[in-house]
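Subject: Structure handover

Hello,

Here is the structure I promised to pass on. My notes follow below it.

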2 protein chains.
Amino acid sequence: MAIKVHGALLSTATMRVFACLNEKELDFEFVPVNLGTGEHKKEPFLSFNPFGQVPGFEDGDLKLFESRAITQYIARTYADKGTPLVYEDRKKMAILSVWMEVEAQKFETPASKLSWELCIKPAIGMVTDDAVVEEQEPELAKVLDVYEARLAKSKYLGGDTFTLADLHHLPNINYLMGTRVKAVYDSRPHVSAWCADILARPAWKKVVAMRNQ
Amino acid sequence: MAIKVHGALLSTATMRVFACLNEKELDFEFVPVNLGTGEHKKEPFLSFNPFGQVPGFEDGDLKLFESRAITQYIARTYADKGTPLVYEDRKKMAILSVWMEVEAQKFETPASKLSWELCIKPAIGMVTDDAVVEEQEPELAKVLDVYEARLAKSKYLGGDTFTLADLHHLPNINYLMGTRVKAVYDSRPHVSAWCADILARPAWKKVVAMRNQ
């Protein structure tokens with residue numbers, strides 16, 4: 001099999017890549033990396049990613065890291081398969097890029113800190129730091145206020161169709177929907193409808209099923 | 001004139017867009033946004049960027065924000081002008097994307113916090129918080145260790161030629177070269193040579209000259 005993902009099922013970045021591969025209906029091999037024993041901080045994993053973070057990605061002789069670079073590679077290289085996740089039109093693609101940057105620069109920090117505190121730490125036997133939750137929840141709310149206005153005018157964040165700009169959010173949204181932070185989403189009707197829509201995608205449901213196995 | 005940049009000369013994100021336009025030898029109009037009076041947090045600027053951050057970018061009827069989305073749009077739309085800043089080859093572009101993500105996800109946070117504390121705060125009459133500097137300097141050093149290894153094997157971060165992956169670093173590197181953090185760069189020979197190389201580019205020197213006017 002040509003495509004391999006070296007990662008961990010609890011990792012939002014790994015799930016992001018799985019979601020993209022599923023949307024593109026691509027087969028891949030999952031190679032688990034044991035974060036508990038620090039496998040990601042040692043060779044051979046460091047030869048994939050010198051920062052020691054999952055996932056590492058292989059497609060034949062090409063090796064990549066950084067989940068958002070991987071999804072862009074997949075979306076462009078397998079443009080003719082599955083769901084189109086980027087636009088060919090230059091201006092539409094520019095708008096999509098803006099919202100990909102917003103996810104990475106504005107949404108990711110509060111959302112991943114909240115996922116870590118409220119979902120991942122309890123799952124691995126660590127204790128939630130409530131002070132971090134108190135601090136990050138309003139930060140996330142500010143971002144979602146902008147999303148609410150955007151989604152009142154546009155069906156999806158990047159444009160009229162589901163794209164990478166939406167897909168990149170899925171792992172953190174999925175985590176937070178099982179926590180008190182769900183209320184921050186639910187209180188914004190367009191955000192709430194968007195979350196329900198993208199979480200219901202079969203490609204995402206396959207990721208959740210894989211994690212729950 | 002078709003291209004307008006609404007921004008501020010002290011803003012790293014604004015300088016990033018200027019550097020890109022200069023590499024592409026494109027004319028543009030600079031529309032100053034007064035951050036001191038909070039012009040970026042009010043209309044009409046919020047219609048550019050609902051997060052209230054400079055720059056806002058116009059190319060005819062297209063309006064964009066997020067500096068890295070803007071540079072990608074410029075690099076692709078004006079591919080035939082000035083310096084090529086992205087690759088056509090899918091695999092080379094994927095590697096370039098990895099290093100663009102590294103800049104955005106790993107380098108930006110410590111570098112921009114250090115630029116803010118050591119350069120921008122003194123420039124606008126605020127006092128540097130030494131505790132932040134003490135905390136962020138080793139974070140930046142860890143990123144530059146990875147860069148040192150990468151640049152020992154590759155002339156530029158994204159590949160054999162200067163690309164957006166390098167360009168995106170320029171504003172923060174330029175700021176920090178005038179501070180004690182310069183030593184963190186200078187102690188790594190490949191990083192140091194890379195910095196000297198990219199800071200000497202005529203397109204970047206034009207940005208510095210514009211700021212110093």
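Glu103(B) touches Arg16(B), Arg68(B), Glu108(B), Tyr147(B), His168(B) and His169(B), leaving aside residues up to four places away in sequence. Touching, or contact, means heavy atoms within 4.5 Å. Glu103(B) sits in helix α4 of chain B, residues 90-123. Its relative accessible area is 0%, so Glu103(B) is buried. Buried means under 20% relative accessible area, exposed over 50%, and partly exposed in between, with a 1.4 Å probe and protein chains only. Helices (H or I, at least four residues) and strands (E, at least two) are DSSP runs, numbered from the N terminus.

Some ground rules. This is a predicted model, where local features need pLDDT of at least 70 and side-chain atom pairs count only at pLDDT 80 or more, while totals for chains, interfaces and linings use all residues. Residues are numbered from 1 along each chain as its sequence is written, chains are lettered from A and ligands numbered from 1 in the order in which they are written, and side-chain values use heavy atoms, without hydrogens and water.

Now chain A. The domain assignment, which is automatic or from a database, gives domain 1 (3-84) and domain 2 (90-207). Their C-alpha centres lie 20 Å apart. In the contact between them, 16 residues of domain 1 meet 19 residues of domain 2.

Next, helix α1(A). Thr14(A) lies in this helix. Thr14(A) is buried, with a relative accessible area of 0%. Thr14(A) touches Val5(A), Gly7(A), Ala8(A), Val54(A) and Pro55(A), not counting residues up to four places away in sequence. Thr14(A) and Ser67(A) are 53 residues apart in sequence, yet 7.0 Å apart in space, C-alpha to C-alpha.

How do α1(A) and α3(A) (residues 67-77) cross, and at what angle? Their axes come within 9 Å and cross at roughly 5°. That makes the two helices roughly parallel. Angles under 35 degrees count as roughly parallel, over 145 as roughly antiparallel, 65 to 115 as roughly perpendicular and the rest as oblique. Axes are lines fitted to C-alpha atoms, for helices over the stretch in contact, with angles from 0 to 180 degrees between N-to-C directions.

Last, helix α10(A), residues 202-212. Ala203(A), Trp204(A), Val207(A) and Val208(A) are buried there.

Best wishes
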